[in-house]
Every structure is written in C-alpha cells, then in structure tokens.
Amino acid sequence: MSVFFVYMGDYYHAEDIAFQALNSDDTVTVTETESGWLFNGASDDDLLIFYSGAKVEEEAYAPLLHRIAESGTDAYLVKMPFHFAMFGINSADDIINGTDYKNYYIGGHSLGGAMAAVYASDNGEKLSGLVMLAAYPTKELNSDLIEITVLGSNDTVVSLEKIEEGKKYQTDNAVEYVIKGGNHALFGNYGEQKGDGTAMITGEDQQGQTVRFITDVISEKNKII
C-alpha cells in the first residue's frame with residue numbers, strides 16, 4: 001500500500017453520539033444522498049453547505065448541523081474524498097444545482113473552512129455568505145458576502161497569525177465570535193485532536209454557542225433584505 005493511502009487511512013473517527021444525529025426527528029428530516037446528508041428543518045430559504053475538517057470523518061459534524069437545522073437554517077454535510085476537503089472544493093456546485101434555496105452559505109471547520117473560503121472566492125455570485133469555524137480565507141472575497149468566523153479561545157491548532165492575515169481579505173459584512181474556553185476539536189464530535197488546547201467547556205456548550213451565533217447572524221441578515 002502506498003504512503004498516500006496509509007496517510008489518508010489514518011483519520012479521526014466520529015464518536016458514537018454523532019451517528020445518532022443522523023436520525024430524523026420531529027423537527028429535522030435527515031436524508032443521505034450520494035453527496036452527503038441534508039438536514040432539512042423549517043427553512044425554505046437558507047442552506048448552509050458544510051465541509052468537514054481535514055482527516056475527520058464527516059459524520060462527526062452531524063450533531064452541530066442537526067442543531068443548526070433545528071434553529072432555522074437547513075444544512076448539508078458534504079462527503080469528501082479521503083475525508084479531505086481540498087479534494088472536493090467544488091462539491092457545493094452539485095448541491096446548489098440540485099436544490100432550490102433562496103440563500104446559500106458555504107462553510108466548514110479548519111481546513112474544510114479554508115476550502116469553503118476558496119470556493120466562496122471563486123463563486124461569490126452563487127452565495128449569500130461564508131461560515132468559518134477555526135479557519136480563515138486566503139483569497140479575496142466578494143465584499144457583499146456575510147462572513148462569519150467562530151473561534152475557540154483555547155484552540156492551539158489554528159494559527160492566530162494566519163487568522164489575522166486572513167482579515168485582509170474579509171468582506172464588508174464580516175463578524176467574529178470567540179468562544180471562551182472552547183478549543184479546536186469541539187466543533188465536531190471526534191474526540192481529542194493532536195496539538196489542541198484543553199477545553200474549559202463541554203462540546204455541547206461550544207456547539208450551542210456556535211449554532212446561536214451563526215443562526216442569529218443569518219436571521220438578522222434576512223430581516224434587512
């Protein structure tokens with residue numbers, strides 16, 4: 001087996017609790033497709049297309065996206081080749097072309113967020129906004145996009161220097177929220193991540209704050225259009 005496949009075969013696995021969030025309930029219908037999982041809640045207007053972190057099993061983000069859908073923004077968790085968003089940067093195209101929402105948001109965690117930002121840079125006319133969890137843009141963005149960044153104060157994986165550098169690309173509608181006591185891994189449910197700081201809050205709390213901030217910003221945006 002080549003070194004590439006050995007490297008790609010070593011990834012963070014979703015915790016058992018994450019798979020429970022792939023089940024439909026009274027408020028969210030979860031449908032698996034060839035492209036990923038659609039979390040269909042009450043919204044007919046807004047869809048967040050989400051790219052997972054590098055070498056993280058996609059299902060690890062099901063609890064977060066289920067809660068986002070419950071809160072008023074439908075979500076689509078994208079399956080990535082080798083669990084690596086850099087091999088599927090344009091995956092959002094098929095989802096946008098295959099659904100009918102008024103507003104599309106692209107987002108992701110860590111490298112997934114960075115790759116979502118690359119997609120947003122090249123396809124700004126298709127999108128209403130960009131959502132980055134512990135991530136930053138590396139290219140110019142459409143100035144009209146809503147740009148949402150969420151960070152954990154105890155995250156020692158993402159580079160704060162790179163976060164600051166990325167602000168030179170930020171849009172006219174950029175907002176940032178820092179979760180006190182949060183770290184890198186707790187945006188998903190895949191256990192501890194190598195090199196990460198110690199969280200002082202629970203994953204449920206970190207994800208809850210993340211959901212509230214994202215959905216509040218999208219809700220406020222919808223009030224003024």
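Me: What makes two rings an aromatic pair here?
Reply: Rings of Phe, Tyr and Trp (its six-membered ring) pair if their centres lie within 6.5 Å. In this predicted model, a search of the whole structure finds seven such pairs.

Me: Why is the pair of Y12 and Y190 called tilted?
Reply: The ring centres of Y12 and Y190 are 5.4 Å apart and the planes stand at 55°. Stacked needs planes under 30 degrees apart and edge-to-face needs over 60, so the pair is tilted.

Me: Which parts of the chain does this pair link?
Reply: Y12 lies in the loop between α1 (3-8) and α2 (16-20), and Y190 in the loop between β8 (173-179) and α7 (203-223), 178 residues apart.

Me: Why is the pair of F50 and Y61 called tilted?
Reply: The centres of F50 and Y61 are 5.3 Å apart and their planes are at 50°, so this pair is tilted. F50 is in strand β3 (residues 46-51), while Y61 is in the loop between β3 and α3 (62-70), 11 residues apart.

Me: Why does F50 count as buried?
Reply: F50 has 1% relative accessibility and therefore counts as buried. Y61, at 0%, is buried too.

Me: What links Y12, F50, Y61 and Y190 into a cluster?
Reply: Ring pairs do.

Me: How do you know that K79 lies over the face of W37?
Reply: K79 is at 5.1 Å from the ring centre of W37, and the distance limit is 6 Å.

Notes
Residues are numbered from 1 along each chain as its sequence is written. This is a predicted model: local features need pLDDT of at least 70, side-chain atom pairs count only at pLDDT 80 or more; totals for chains, interfaces and linings use all residues. Side-chain values use heavy atoms; hydrogens and water are left out. Helices (H or I, at least four residues) and strands (E, at least two) are DSSP runs, numbered from the N terminus. Buried means under 20% relative accessible area, exposed over 50%, partly exposed in between (1.4 Å probe, protein chains only). A charge sits over a ring if NZ of Lys or CZ of Arg is within 6 Å of the ring centre and within 35 degrees of the ring normal.
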